[in-house]
Structure formats: structure tokens, C-alpha cells
Amino acid sequence: MGAPAYLTILIRKINLRRFFWPGLVMLTILVWAAVLSFPRDNRLLLKFYDVGEGDAIFIRTEQGKKVLIDGGPDGRVVNYLSKDLPFYDRTLDLMIVTHPHADHLRGLVEVLTRYHVRRVVYNPGQYTEAVYRDFEREIKAQNIPVWTAKVGDTLTLDAKSRLLVLWPTSINQETSNPNETSIILLLRTGAFSALLLDDAEKSVQAALFIPPGDDDLEVLKVPHHGARTALDEFLVAKAAPKLAVISVGRNSYGHPSAEVLGAYSIRNIPILRTDTAGSVSILTDGLKWWYETVR
């Protein structure tokens, strides 16, 4: 008798039902073990991903709401999300596009194909770049609700955490430079606050109104990867952050500039750069806060 025929007879003699239920029970136990073993944290996580010359910021609130602000210049952001979210969680509560430049937008197209996004915040415009058309096509195909954002709006994340919109002044603000209409956000949770300046130009920073009580920041995201043209020393002095973070990678623009580094150094403000420190994680319970870096 040939081996295939022998194996067929043997399989028929085995009562598969004897193995089905024990196997199902074991599989269930393994799945729940993985779920329960995934670290749970009642602190807010603010994470600046090391995506090279671009921006991608992830927020997970104390109550588990998940926000992605920009997505960097390529698909690396998907790899980071897979590490910060358990394998069974493929949902983002909010995606925010600060402006349509590819170094902020391209990675989000990939995210939209891999994750279920409940809501997107961005200000549509007449942009012709292919990556922008791909982004809008994916949003429309999935019928994702879209919100716009302008100064004075508040994006409530949970009972304790919110994002205040400090810029732009109008969702229809006309300009040939999208950096001038970047969505600038102030994250507030308890007594902790972080100013996310995106790629704001110096003229925009000069016009910003920072709410009273938030002009003594814990964290400031340095605008435009540390570009000299985006340095407003008056805002740096007024904000007086305890920590500055520069999202930057290998580039031919000279980012971050010596002038920017010097402006923070002379004020004794520590700087963390993603190109040298790796991804930067800020953890806070609303009172105390810590940071960690990982390459």
C-alpha cells in the first residue's frame, strides 16, 4: 500500500471531534493571553516617530483614544503603529493632516489602507500633487467623516485630554505656501501641555495666540524640522518649554540650523532630535511627565 493511501485511511480512523474542542479552547486561551499581556497604561502617550525628514506624531490618551497627526514621507509609520497597538487593534479614532506636503502626508495613504480610521481632520484645498489626490480618493472610497479645523476649535479626545486649534485663522485662507495654513495644535491633559508647531512659518508664529496658562509649556515641537526661516525667538522665550523636540532626518536643507539649536541652547532648553535620539515618547499622568527615546 502506498504512503498516500495509508495516510488517508489513518486520517479517516481519527475522530477529529476529539481534537476540535480542546484545540479551540487552547486557541482562545492563547488569544486572551496575548490581549491581557499587552501593556496597559493609564498615562497619556505623546510620541514623535522617527520617520526621517518629515512629521508623524502618535497620541494615545489615558482612556485609550488613538490619534495620528501626519504620517511622514513613506510607509515607516505603519511599522511604528504595529508596535504601539496590539495586533487585534486596527482602529484609529482620529487622523489629522496638518498640511498637504508629502513629508507629512504620504505615510497616511498607507495607514488608510491598513487601519480603520473613524474620523479625519484636514482643510481641503486645490492641490494637484499625486499624493494628495491619492489621500482624498482613499477617504472618499471609505466614506470617512471629514472635519475641518480653524483657530478656536477644540478636538475633545476624552474626558481629560483635548487638542486646541491655534491656527489657521480660516479654512479658506488663500496662500501659495501651505506652511502658512498649517494646523497648529496645543495638546492639553491636566496640567500638562505641548505645543505642536508643525511647519509654521515665522510670520505665523508671531501671530499665534497661546491661551493664558499655556505659555509655560512642558513640550514644544520645533517647527519645520528646525529650519532657520521658521525660528521665532520671541515665541521660544515666551513658551519657555521644558523640552523641545525636532523631527528631522537626513536632508540637504541644513536642518536643524545652528541658529535654531543656539536659540534653545542659550535658554537652557533641552533638545531631542529624532535623527540622533530616535523616536521620542512623552508619558504623562497630567501632572508628572517623563520621556523615553528608542532607535
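1. Helices (H or I, at least four residues) and strands (E, at least two) here are DSSP runs, numbered from the N terminus. On that count the chain has nine helices and 17 strands.

2. Some ground rules before the details. This is a predicted model, so to speak: local features need pLDDT of at least 70 and side-chain atom pairs pLDDT 80 or more, while totals for chains, interfaces and linings use all residues. Residue numbers start from 1 along each chain as its sequence is written, and side-chain values use heavy atoms, with hydrogens and water left out.

3. Overall numbers next. Of the 295 residues in the chain, 49% are buried, meaning under 20% relative accessible area with a 1.4 Å probe, protein chains only. Take the contacts (heavy atoms within 4.5 Å) with a separation of 6 or more: 64% of them join residues 24 or more positions apart.

4. Now the nonpolar cores, that is, sets of buried Ala, Val, Leu, Ile, Met, Phe, Trp, Tyr and Cys residues joined through side-chain atoms within 4.5 Å. The largest has 29 residues, and Tyr49, Leu81, Val111 and Phe135 touch the most other members. Helix 3 (76-84), helix 4 (102-114) and helix 5 (130-142) are the elements giving two or more residues to this core, and helix 4 gives the most, with five. Leaving aside residues up to four places away in sequence, Phe135 touches Met95, Val97, Leu105, Leu108, Val109, Leu112, Val120 and Tyr122. There is also a second, separate core of 28 residues, with Leu155, Leu187, Ala194 and Leu196 among them.

5. Have a look at strand 3 (residues 66-69), which is covered on both faces: Lys66 and Leu68 are buried on one side, Val67 and Ile69 on the other. In a regular strand, side chains alternate between the two faces of the sheet.

6. Strand 3 has two partners worth checking, where pairing takes at least two DSSP bridges. With strand 2 (residues 57-60) the sense is antiparallel, over four bridges, and Phe58 stands opposite Leu68. Five residues lie between these strands in their hairpin, where Gly64 takes a positive phi near 90°. With strand 5 (residues 94-96) the sense is parallel, over three bridges, and Ile69 faces Ile96 there.

7. Last stop, helix 8 (residues 258-265). Val260, Ala263 and Tyr264 are buried. Down the helix axis, the buried residues fall within an arc of 90°, so they line one face of helix 8; the arc is taken from the directions from the axis to the C-beta atoms. These buried residues pack against strand 13 (219-221), helix 7 (233-239), strand 14 (243-246) and strand 15 (271-273).

Key:
Buried < 20%, exposed > 50% of the residue type's maximum accessible area, 1.4 Å probe, protein only.
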